[in-house]
Amino acid sequence: MDEPRDPEREPDAEPGGDGGASGEATRGETTDADGSGDDPSPDDDRSGPGAAPDATGGPEGPEAAEPTDSGGSMPGVPEEPEPETEVPEDVRKYAKFQKMDGAAYERVNEFLRDRTYITAREWAIARLCADFRTETGVEMTKIGENLPELVPFMTDTYSPQAVNQARSSFEDKVRKSGATFLYGAMSDFFTAEELDDVMYESTEVAKFLLEVEGVDLSVEEELEAEERISAVMREVRAASEQLREEGE
């Protein structure tokens, strides 16, 4: 008769034999069962065909559980589109910057920076503030909300505060540039011929910007404007000479 086995010694295996591998497997299974083994990394890919179900008992992914957000859309019910904001009529008809359609802001800004002290943003908004002025003031809210519709190279909307800031910056630069120019004209830094050259270059840039805005000047109008400006500058030069003589 065979000797009965001791139940407490049965799991033990001889080292180096087949029971070693079996024992390792047994111990591994025991570890997984009591939860004391290595937990899988959160980054482990468990989306394969043999993936285990998630904690809810269903498959992982978008269909794992019903949506619990009561504010979400109902399944199978199409969402109502948001009503489009109607563009004001005067905004639709505004066409002063249509010649700049397709131009990038960076190119426009570079052109202005090379020839003036203003930026493309300040130029566009200053022009709009002059055109959308009413008896009660400038329509800054309308300008800011419809800026991409009004100016092709402006892609973002602006708040009324941002519109006012750009307009104020434009005015400050014009005043400082005017004071700088007049000081140069009155301080005898330039000869009469040099001053005429400065005025000619400045007039050409100003005319170009006006033409971009849609102003169509005839040759006669251009010559008349240049003559009037030259006459004013001659008076400025003569007055400055008189002041310097009186101060000596």
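This is a predicted model: local features need pLDDT of at least 70, side-chain atom pairs count only at pLDDT 80 or more; totals for chains, interfaces and linings use all residues.

Modeller: Residues are numbered from 1 along each chain as its sequence is written, and side-chain values use heavy atoms, with hydrogens and water left out.

Biologist: In what order do the elements of the protein run from the N terminus on?

Modeller: Helices (H or I, at least four residues) and strands (E, at least two) are DSSP runs, numbered from the N terminus. The protein has nine helices and two strands. Their order is α-α-α-α-β-β-α-α-α-α-α.

Biologist: What share of the 248 residues of the protein counts as buried?

Modeller: Buried means under 20% relative accessible area, exposed over 50% and partly exposed in between, with a 1.4 Å probe and protein chains only. By that cut-off, the buried share of the 248 residues is 20%.

Biologist: Are helix 4 and helix 7 roughly parallel or roughly perpendicular to each other?

Modeller: Helix 4 (residues 120-131) and helix 7 (residues 160-186) have axes 8 Å apart, at an angle of about 100°. Axes are lines fitted to C-alpha atoms, for helices over the stretch in contact, and angles run from 0 to 180 degrees between N-to-C directions. Angles under 35 degrees count as roughly parallel, over 145 as roughly antiparallel, 65 to 115 as roughly perpendicular and the rest as oblique. The two helices are therefore roughly perpendicular.

Biologist: Which residues of helix 4 make the contact with helix 7?

Modeller: Contact means heavy atoms within 4.5 Å. On the side of helix 7, the residues are A162, V163, A166, R167, S169, F170 and K173. From helix 4 come R121, E122, I125, A126 and C129.

Biologist: Why are the buried residues of helix 3 on the same side?

Modeller: In helix 3 (residues 105-115), V108, N109 and L112 are buried. On the other side of helix 3, E106, R107 and D114 are exposed.

Biologist: Which helices do the buried residues of helix 3 pack against?

Modeller: Those residues are V108, N109 and L112. They pack against helix 4 and helix 8 (192-212).

Biologist: With which residues is S240 in contact, leaving aside its neighbours within four places in sequence?

Modeller: S240 lies in helix 9 (residues 219-247). S240 has a relative accessible area of 2%, so it is buried. Beyond those neighbours, S240 is in contact with A185 and M186.
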